[in-house]
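Grab a pencil and keep the viewer open. Each exercise below sets a task, and the solution walks you through it step by step.

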Amino acid sequence: KTETPVRLMPAALFLLAALLAKATEAASPVLIIPGTGGNRLEAKLSGRENTPHFYCSKNADWYDLWLDVKQLLPGAVDCWCDNIKLNYDSASGTFSNQQGVETRVPCYGDVCGIEYLDMSLKVGDSAYFHAMIEAFAGKGYVRGETIVSAPYDFRYSAVSNKDNYVNATMALAEKLYEDTGEKVLWISHSMGGLWSHYILSNADQAWKDKYIEAWVPIAPAYGGTAQELRLFASGDSEGIPGVSSDTVKEEQRSYESNFWLLPNLELWDDDEVIVTKGDQSWTAHELPQFFEDIGYADGAQIYKTLPYDLKDPNVRTYVKYGTGQDTPESYVYGKDWDTIDKTVSGDGDGTVNLRSLEAGLAKGWKNTEHEQFKGEDHQSVLKNDSLLAQLLDLAGAA
């Protein structure tokens, strides 16, 4: 009598597999655009010169430049900063790697570059998109086939369009459609919202109508964030133990993308002070002068080149974001740029200001819904059970 269920198990498993396959037949494939620092970045070193310390490697075969937390330890972080920072040529207006450094982005068209950021640390923020990918996998989605990502070199902005990222990502969406016969559910996080907005708002309407089911920007930074001003003025060690803000300042300033994340002039008033130092003050509309005053003249030139248009993307859009977190709105510095006397905070997700998260409301985007997840922050919202259930529903896989 006990043998009957055992004999039926293969048939039951076959039926379950068939049901999962049928459930995903008509479901939208998923394309994920991660945020800044939201995917792995590999480097190869060849004959590095003028390293900050004698113990910094001069030669190394391909390895994870981002993220390997061991490289962020005191002492080692100096070598890491020198390897990852960019050079800016003011004459040509272009960015490039340091001498002796090659970089590449692994796992394009798969999810192995975004599911975990540090492959040896599969917990906390390193488990970046793991919860979301697992939720879809539980409904029959296959990593690298029906749920994929478009990682990028997050040091660059759309101006450089490193690795022809715009066309490559549009081609990836087209491939998902051709492979499945279904429109794509496009999901982004943080600066991925900037990239997504740039791509979608500039794409032909006929292309969007054919290939895109909907766009879900999660914690989008498409209006910038006031927190970037601290990064440029004094550096932001982001709480890494034993690492000073001054240590990472030059590295952070070197990223073209950090200029793209500055407060958008369409959302910040011209009389709204965001940085004060002594009897000096600067608004978002005075950033070129701000860069001159902090001793970073190249910053003024770079800033003027970046796109900040918040036009309607003209796709069905569902904006999801955390609120109720103290989020920097302005900074008051002491006698030098090393000391912040006061941080004035407002609502947001702890990283991105509410006005930026809700830029679509301010600009009157059509066919767009906004939903707050109160109490969630910039990262934790990605693991919110209600949000994950909504994403499955939007994909038609619930």
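Ala219 is buried, because its relative accessible area is 0% (buried is under 20%, exposed over 50% and partly exposed in between, with a 1.4 Å probe and protein chains only). Before going on, note that this is a predicted model, where local features need pLDDT of at least 70, side-chain atom pairs count only at pLDDT 80 or more, and totals for chains, interfaces and linings use all residues. Residues are numbered from 1 along each chain as its sequence is written, and side-chain values use heavy atoms, with hydrogens and water left out.

**Exercise 1.** Find the loop that holds Ala219, and look at its phi.

*Solution.* Step one: Ala219 sits between S9 and H7 (helices, H or I with at least four residues, and strands, E with at least two, are DSSP runs numbered from the N terminus). Step two: its phi is positive, about 45°, although Ala219 is not a glycine. Most residues other than glycine have a negative phi, and most peptide bonds are trans.

Asn164 lies in the loop between strand S7 (147-149) and helix H4 (165-180). Asn164 counts as partly exposed because its relative accessibility is 40%.

**Exercise 2.** Which residues does Ala226 touch, leaving aside its neighbours within four places in sequence?

*Solution.* Start by placing Ala226: it is in the loop between strand S9 (212-218) and H7. Ala226 counts as buried because its relative accessibility is 1%. Now list the contacts (heavy atoms within 4.5 Å): Pro263, Trp268, Pro328, Glu329, Tyr331 and Asn353. Finally, check a pair: Ala226 and Leu262 are 36 residues apart in sequence, yet 6.6 Å apart in space, C-alpha to C-alpha.

**Exercise 3.** Work out which strands pair with S13, and in what sense.

*Solution.* First, S10 (residues 273-277) pairs with S13 in the parallel sense over three bridges (pairing takes at least two DSSP bridges between two strands). Here Thr276 has Val332 of S13 as its bridge partner. Next, S14 (residues 340-346) runs antiparallel to S13, joined by six bridges. On that side, Val332 is partnered by Lys342. S13 and S14 make a hairpin with six residues between them. As for cover, six of the seven residues of S13 are buried.

**Exercise 4.** Describe the largest pocket: what is its volume, and what lines it?

*Solution.* Begin with the terms. On a 1 Å grid over the protein atoms alone, a pocket is an open set of points where a 1.4 Å probe fits, with protein on both sides within 12 Å along at least five of seven lines; lining residues have an atom within 4 Å of a point. Its volume is about 1,400 Å³ (the space filled by probe spheres set on the points, which are joined across faces, edges and corners). Then count the lining: 47 residues, with Thr36, Gly37, Trp66, Glu238 and Gln379 nearest the centre. Helix H2 (76-84), helix H7 (227-234), helix H8 (245-253) and strand S13 (327-333) each give two or more residues. H7 gives the most, four.

Leu67 is in the loop between strand S3 (60-66) and H2.
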